[in-house]
Amino acid sequence: MGEVYSHLSEEERQVIQIEIGNGTGVRAMARMPGGNASTISREIKRNTWFPSNESESYRPYRPARLKTGPWTGRYYVAGPAQRKADRRRAAARRPFRLSDDRLWSWVAERLRRGRSPLLISGRLRVDFPDDALMRVCPETIYRRIHADGSRRDRWARCLPRGHRRRRRRGGRRTPRFPIPGRTPIHERPFDPGDRGGFGHWEADGVIGTGCHPHTEVERRTRFPMARIIPDKTAGASLDAQPSLFSALPPDARPGVTYDNGTEFARHAELRDGLGMATYFADPYSSRQRGSNENRNGMIRRYLPKQAAISPDMTRDVQEIVDETDNRPMRELGYRTPAEAFTDELPDLQTKQGRCTYK
């Protein structure tokens, strides 16, 4: 039947009409060059033409033995078949959401800034509350990015993690050193998923080459703080925490939750010095400290693994934390952590959109 097309051409339909008139079967037609039995069968079934189609008359049911005459006869004619195919192809179909140039240009600009598809999707409702065309879900953005190789090479690097492949979560487990005097997270006065109370923090570190940022994140507002420490020893982590917490009122720091890293082995000294309760998440359960893991991921956008970090980068790290503080979050109603934290502490002096304690 000639060259293979994704849709049958008019010439191919004329060949089908002729072969049907010659009594050729579907499989016999499929043996012609470029033929396919399924394609031909569907074409004949879909575009069979009845004389009554022209006048849109009622075609009554007739038993097989009585299906004769001009009103019950059936034919395959290339002309009407081609017209029906053209009408189906021209029929309006639901367009791909990001095929709209205005919407995609807005999304692409935010991707270049390093915004996640989730934030982009949520911010559209804030910036265009009355424009139904300016809507897209995060999954649609991910599918657009990973649709083909060239698009993935260009846009995947703009994603928060920069992954070129969409992969399942997981990781390997490593043995842990037992921490003396640890209080399990289940003895905390509220459930791991409860964020109603203000002032409980989650602690961890961001591993770098050389020094390491020690981070603290307030659970309710997702407000992060960070200090550079020379190494991930218990003494270095203990030295960083009083400098972060001492400027806060006691009601703003009732407790802190750690993972099971050995850098938090001296947690009892923080508890005795500042009166903060200390808790430890279950092993291999980073979801119980999701706020800190999320904020550390934000910092990783600027300080990827194996990034060289030195003590004189204090200002650079602070600028990264400031940027993280002032990014809107869906969980906060698209407010920023700095705004949410300031609302919780109305008496705390602010400067340039963030708290002034150092």
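In the predicted model, helix α11 meets helix α12 through a defined set of residues. Arg-295, Met-298, Ile-299 and Tyr-302 come from α11. Their counterparts in α12 are Ile-320, Glu-323 and Thr-324. By class, this contact holds four nonpolar residues, one polar residue and two charged residues.

The geometry of this pair follows. Helix α11 spans residues 290–302, and helix α12 spans residues 314–325. Their axes come within 10 Å. The crossing angle is roughly 125°. Because of that angle, α11 lies oblique to α12. The crossing of α11 past α12 is right-handed.

A sheet is considered next. Five strands build an open sheet, in the order β4-β3-β1-β5-β6. The pairing within this sheet is mixed. Strands β4 (224–229) and β6 (277–280) form the edges, and each pairs on one side only. From one strand to the next, the twist averages 25°. In general, the strands of a sheet pair through backbone hydrogen bonds, in either a parallel or an antiparallel sense. Strand β3, residues 212–218, pairs with β4 in the antiparallel sense. Six bridges join β3 and β4.

Helix α1 covers residues 10–21, and helix α3 covers residues 37–47. The two axes come within 12 Å and cross at roughly 85°. Because of this angle, α1 is roughly perpendicular to α3. On the α1 side, the contact involves Arg-13, Ile-16 and Ile-20. On the α3 side, Ile-40, Glu-43, Ile-44 and Asn-47 take part. The residues of the contact between α1 and α3 divide into four nonpolar, one polar and two charged.

These elements belong to one protein chain with 13 helices and nine strands. The protein chain has 358 residues, of which 41% count as buried. Contacts along the chain were also examined by sequence separation. Among contacts with a separation of 6 or more, 60% come from residues 24 or more positions apart.

Conventions. Residues are numbered from 1 along each chain as its sequence is written. This is a predicted model: local features need pLDDT of at least 70, side-chain atom pairs count only at pLDDT 80 or more; totals for chains, interfaces and linings use all residues. Side-chain values use heavy atoms; hydrogens and water are left out. Axes are lines fitted to C-alpha atoms, for helices over the stretch in contact, and angles run from 0 to 180 degrees between N-to-C directions. Helices (H or I, at least four residues) and strands (E, at least two) are DSSP runs, numbered from the N terminus. Angles under 35 degrees count as roughly parallel, over 145 as roughly antiparallel, 65 to 115 as roughly perpendicular and the rest as oblique. A crossing is left-handed if the near helix is turned anticlockwise from the far one by less than a right angle, and right-handed if clockwise. Contact means heavy atoms within 4.5 Å. Ala, Val, Leu, Ile, Met, Phe, Trp, Tyr, Cys and Pro count as nonpolar, Asp, Glu, Lys and Arg as charged, and the others, Gly among them, as polar. Two strands pair if DSSP finds at least two bridges between them. Buried means under 20% relative accessible area, exposed over 50%, partly exposed in between (1.4 Å probe, protein chains only).
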